[in-house]
Amino acid sequence: YAVPRLDGPPLVADLSSAAVAWVTLNDHAQSGTPIPSNWAFDAAGQPTTDAAVGLAGTIAPAGGHKGSALALLVDVMAAGITGSSFSHEASSFGDNNGGPVDVGQLIIAIDPSDPQFLNRIETDLAAMTTQDGVRLPGAKRLAHREIAKRDGVEVPDQLFALLTSYAESGSPAQAPTP
């Protein structure tokens, strides 16, 4: 979701209803690093600490049963309303097996007519950020963006070689794995 602010960029939260991002699970699988048992399930639905096994199974929902209910709502809205594949029907984002993933996106835009809306949002966010340990969604991303503008972005040699191979082959599926 995104919420406009009085000054500066909007408040943006870009999140998944999964316990962990697919890319994080894949990084652990690539490195052979164990994962917490609440991140993924194997193909039989049992918790696993092996990321590769989790990739072959399913990623756990965030927030237990409440997160599972939220994930169901997202599936109903993003697939049920749009006519795209439900999450259990979608192909993998990580390869070309099964064809295009056919995921949907439902965008709901609300134009607040109350002229005090932005002031109320600022009051709420200011109250939140007075609490120890609270940071607004996107704050870390914005801070990293400023650091990248100032210092640039370092790309490890192995990743650079992999990306170069993708660019030269025209497709990640056709590129050799370093």
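Trainee: In β4, what is the bridge partner of Phe41?
Mentor: Pro47 is the partner of Phe41 in β4. Keep in mind that this is a predicted model, where local features need pLDDT of at least 70, side-chain atom pairs count only at pLDDT 80 or more, and totals for chains, interfaces and linings use all residues. Residues are numbered from 1 along each chain as its sequence is written, and side-chain values use heavy atoms, with hydrogens and water left out.

Trainee: Over how many bridges do β3 and β4 pair?
Mentor: Two, in the antiparallel sense. Two strands pair if DSSP finds at least two bridges between them. Helices (H or I, at least four residues) and strands (E, at least two) are DSSP runs, numbered from the N terminus.

Trainee: And what's the strand order in the sheet?
Mentor: The order is β4-β3-β5, three strands in an open sheet with antiparallel pairing. β4 (47-48) and β5 each have a single partner strand and stand at the edges, so one side of each has no neighbour in the sheet.

Trainee: Switching to α1. Which of its residues are buried?
Mentor: In helix α1 (residues 22-31) they are Leu25, Asn26 and His28. They sit on the same side of α1 because they cover an arc of only 160° around the axis. That arc is taken from the directions from the helix axis to the C-beta atoms. Buried means under 20% relative accessible area, exposed over 50%, and partly exposed in between, with a 1.4 Å probe and protein chains only.

Trainee: What do those buried residues pack against?
Mentor: β3 (40-41), α2 (51-56) and β5 (58-59). The face of α1 turned away from the buried side carries Gln30 and Ser31, which are exposed.

Trainee: Why does His28 count as buried?
Mentor: Because its relative accessibility is 19%. Leaving out residues up to four places away in sequence, His28 touches Thr33, Pro34, Ile35, Trp39 and Ala51. Contact means heavy atoms within 4.5 Å.

Trainee: Which residues make up the largest nonpolar core?
Mentor: Val20, Leu25, Ile35, Trp39, Ala40 and Ala51, six residues. A second, separate core has five residues, including Val3, Leu11, Ile121 and Leu136. A nonpolar core is a set of buried Ala, Val, Leu, Ile, Met, Phe, Trp, Tyr and Cys residues joined through side-chain atoms within 4.5 Å.

Trainee: What does Val20 touch?
Mentor: Trp39 and Ile59, again not counting residues up to four places away in sequence.

Trainee: How far does α6 reach?
Mentor: Helix α6 (residues 157-169) has 13 residues and reaches 18 Å from first C-alpha to last, close to the 18 Å expected at 1.5 Å a residue. The expected span is 1.5 Å times one less than the number of residues.

Trainee: Now the whole chain. How many helices and strands?
Mentor: Six helices and five strands. From the N terminus on, they run β-β-α-β-β-α-β-α-α-α-α.

Trainee: What is its radius of gyration?
Mentor: The protein chain has 20 Å, whereas a compact globule of 178 residues would be near 16 Å. The radius is taken over C-alpha atoms, and the globule rule is 2.2 Å times the number of residues to the power 0.38. Buried residues make up 17% of the 178.
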